[in-house]
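Open the model in your viewer and keep the selection panel at hand. The stops below go from one selection to the next.

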Amino acid sequence: MGSAVAVSLAAAVLTGSVLLVGCQRGASVGGGSVAPSPARPGCPSAQARAAAAVAQAEQTAPAAPGPADGPRAAAGKDVIYVAQTMTNPGVAGAAKGVQEAARAIGWNLRVIDGQGTPTGIQAAFDQAVGLRPAGIVIGGFDPDLTSTQVARAAANHIPLVGWHAVGSPGPSRHPALFTNVTTRVEDVAKASADWITAHSHGHAGVVVFTDASIPFAETKSTLIAKELATCPGVRVLTEENIPIPDSSSRTPLEVASLLSRFPDAWTHSVAINDVYFSDAAPALRAARRKGGGAPFNIGAGDGDPSAFQRINSRQFQAATVPEPFAQQGWQILDELNRAFAGAPASGYVAPVHIATAANSQGATTWDPPGYRTAYRRIWGR
């Protein structure tokens, strides 16, 4: 997940009592592993709404693969993608999409790696501005870290398009971005919570994994908890605040503790990033939990290849709400093309998708159909 600016939101008050899920087993919702099936639903209305939303999000073809129209392709543009770090699967996945789109539109693209540190990102952005490209992509970092470089780009009339650069999709005045490409955090949070409500038939004990040091992530986990609270039969057992850089060392220990504290009540988990389930797997395996059994885990963010591998092999992750990295890469170049033409931003936001073993068909990324053809048609390429 890329860095994002703070979005303030009051924490939701969660109600409802702890409901232990029995051992009765039944058909799963949403193509995940077998879920507990209680004798009666815990929230019939909320469960029905959640099931309908999940069915919509699991579709493999979105209603609109991109904007309906736009300006023809400008010729011979030089563009630079400044990456937060190319070791971040999301940043690298978006960069790959931009590279593919650049070949299609006929532009020159250069990727400069910020190496994941403030100093490295600032140096990479300095280099990018100094090269005087037609446009610059902010790949997965907070522009406030590079306010000097953002101001220099503005002074040189270089449009900036962000990928996960701020908390919301669309144009931004502060910081000054022509637009920001990302899914809506509200949609991602709701989709992951809906999946739990539907998959558990309205009876679940949930652990939420988050990183409170990242305002965007903390907002996402707050929204998830708020949506889960719409079903009285779904209870958040605890929220585990583990900084993503510490996940590999802390998550296994926390998971072992959670298994001791909630041996039967813990039925589902949701995390603001799939990485937590990679790090949870050893502890779950050591406790002799089955890879396709409880706790059933869903990632509310990214959907990197390793997450798809865990889902497809049913190894301690049942679902993810992935970003369409390649599609977003094509959108980034289309937005720059609009900036060059003096047109407004497209306003397009990719709809959320829920990936499971049933609908991913062995894929290791979410790549919705149709957008390449749509953008080529717009560009005349």
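**Stop 1: the disulfide**

By a cut-off of cysteine sulfur atoms within 2.5 Å, the count comes to 1 disulfide. Select cysteine 43 and cysteine 231: their sulfur atoms are 1.9 Å apart. Cysteine 43 sits in the loop between strand E2 (35–36) and helix H1 (44–57), and cysteine 231 in the loop between helix H6 (215–228) and strand E10 (234–241), so the pair ties together parts that are 188 residues apart in sequence. The torsion about the S-S bond of cysteine 43 and cysteine 231 is about -90°, so this disulfide is left-handed. Both cysteine 43 and cysteine 231 are buried, where buried means under 20% relative accessible area (1.4 Å probe, protein chains only).

This is a predicted model, in which local features need pLDDT of at least 70, side-chain atom pairs count only at pLDDT 80 or more, and totals for chains, interfaces and linings use all residues. Residues are numbered from 1 along each chain as its sequence is written, and side-chain values use heavy atoms, with hydrogens and water left out. Helices (H or I, at least four residues) and strands (E, at least two) are DSSP runs, numbered from the N terminus.

**Stop 2: the sheet**

Next select E9 to E14. These 6 strands form an open sheet of mixed pairing, in the order E10-E9-E11-E12-E13-E14. Its edge strands, E10 and E14, each pair on one side only; two strands pair if DSSP finds at least two bridges between them. Strand E9 (residues 204–210) runs parallel to E10, and 7 bridges join them. For one of the bridge partners, pick valine 206 and then valine 236 in E10.

**Stop 3: helix H9**

Which residues of helix H9 (residues 305–312) are buried? Select Ala307, Phe308, Arg310 and Ile311. The buried residues of H9 pack against helix H8 (275–286), strand E13 (319–320), strand E14 (355–356) and helix H11 (357–360), contact meaning heavy atoms within 4.5 Å. Just after H9, arginine 314 takes a positive phi of about 50°.

**Last stop: the whole chain**

Select everything: the protein chain has 12 helices and 14 strands, and 55% of its 381 residues count as buried.

Methods
Buried means under 20% relative accessible area, exposed over 50%, partly exposed in between (1.4 Å probe, protein chains only).
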